[in-house]
Amino acid sequence: MMSHESSVVAETIAGALLVRVRGVQDGDSADLPLLREILKRAAQSDEAGRTVLDLSATGFVDSTFLHVLLNVRPVYEKAGKTLVLAGPLPTQVRRLFEVTGTMGAFTHAETVDAAVQGE
């Protein structure tokens with residue numbers, strides 16, 4: 001069972017910014033503004049060309065979380081950088097992308113290692 005406590009932690013690994021998202025990420029999560037800021041800064045930074053968003057330990061995400069990702073997507077495109085959603089994606093997270101038809105709007109990797117390596 002996933003924890004309901006949420007967290008967002010960022011670190012640089014092998015030239016990529018790895019952002020680990022844990023727990024419940026919804027409209028009540030205090031972490032979403034932090035996540036938005038980390039992702040925007042990463043897109044505008046000269047440090048890492050790839051940002052890997054590790055979603056493997058998210059228990060639940062809602063449309064508020066998806067809205068954050070959709071809003072930063074054009075910032076990455078404009079900067080010529082890559083945002084990769086890494087899994088394995090929990091069933092509820094995968095379902096949100098499938099139901100909303102946004103799965104194809106993002107680059108996905110089955111594992112964090114594959115995402116960091118650019119596979």
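1. 4 of its 5 residues are buried, so β4 is largely enclosed by the rest of the structure. Keep in mind while reading that this is a predicted model.

2. What does β4 pair with? One partner is strand β3 (residues 50–61), which runs parallel to β4 over 5 bridges.

3. Now the connections. Between β3 and β4 comes helix α2 (residues 63–79), and the three together form a right-handed β-α-β unit. From β4 the chain then goes through α3 to β5, and this β-α-β crossover is right-handed too.

4. Zooming out to the whole sheet: it is open, has 5 strands with mixed pairing, and its order is β1-β2-β3-β4-β5. β1 (7–13) and β5 are the edge strands, each pairing on one side only. On average, neighbouring strands here are turned by 25 degrees against each other, if direction is ignored.

5. Which helices lie across the sheet strands? Helix α1 (residues 31–44) lies across β1, β2 (16–25), β3 and β4, and runs at about 165 degrees to β2. As for α3, it lies across β3 and β4, at about 110 degrees to β3.

6. If you want to display the contact, α1 brings L32, L35, R36, L39, K40, A42, A43 and Q44, while α2 brings T64, F65, V68, L69, V72, V75, Y76 and A79.

7. The pair α2 and α3 comes next: the angle is about 70 degrees, and the axes are 11 Å apart. The range for roughly perpendicular is 65 to 115 degrees, so α2 is roughly perpendicular to α3. From α2, the residues making the contact are S63, L66 and L69; from α3 they are L96, F97 and T100. The crossing of these two helices is right-handed. Note that L69 of α2 turns up in the contact with α1 as well as in the contact with α3.

8. A last stop is T102, in the loop between α3 (91–100) and β5 (107–109). Is T102 buried or exposed? Its relative accessibility is 10%, and the cut-off for buried is under 20%, so T102 counts as buried. Leaving out residues up to four places away in sequence, T102 touches L66, L70 and F97. Two of these have already come up in this note: L66 of α2 and F97 of α3 are among the residues in the contact between those helices.

Technical notes
Residues are numbered from 1 along each chain as its sequence is written. This is a predicted model: local features need pLDDT of at least 70, side-chain atom pairs count only at pLDDT 80 or more; totals for chains, interfaces and linings use all residues. Side-chain values use heavy atoms; hydrogens and water are left out. Buried means under 20% relative accessible area, exposed over 50%, partly exposed in between (1.4 Å probe, protein chains only). Contact means heavy atoms within 4.5 Å. Two strands pair if DSSP finds at least two bridges between them. A crossover is right-handed if, with the strands pointing away from the viewer, the path from the first strand over the helix to the second runs clockwise. Axes are lines fitted to C-alpha atoms, for helices over the stretch in contact, and angles run from 0 to 180 degrees between N-to-C directions. Angles under 35 degrees count as roughly parallel, over 145 as roughly antiparallel, 65 to 115 as roughly perpendicular and the rest as oblique. A crossing is left-handed if the near helix is turned anticlockwise from the far one by less than a right angle, and right-handed if clockwise.
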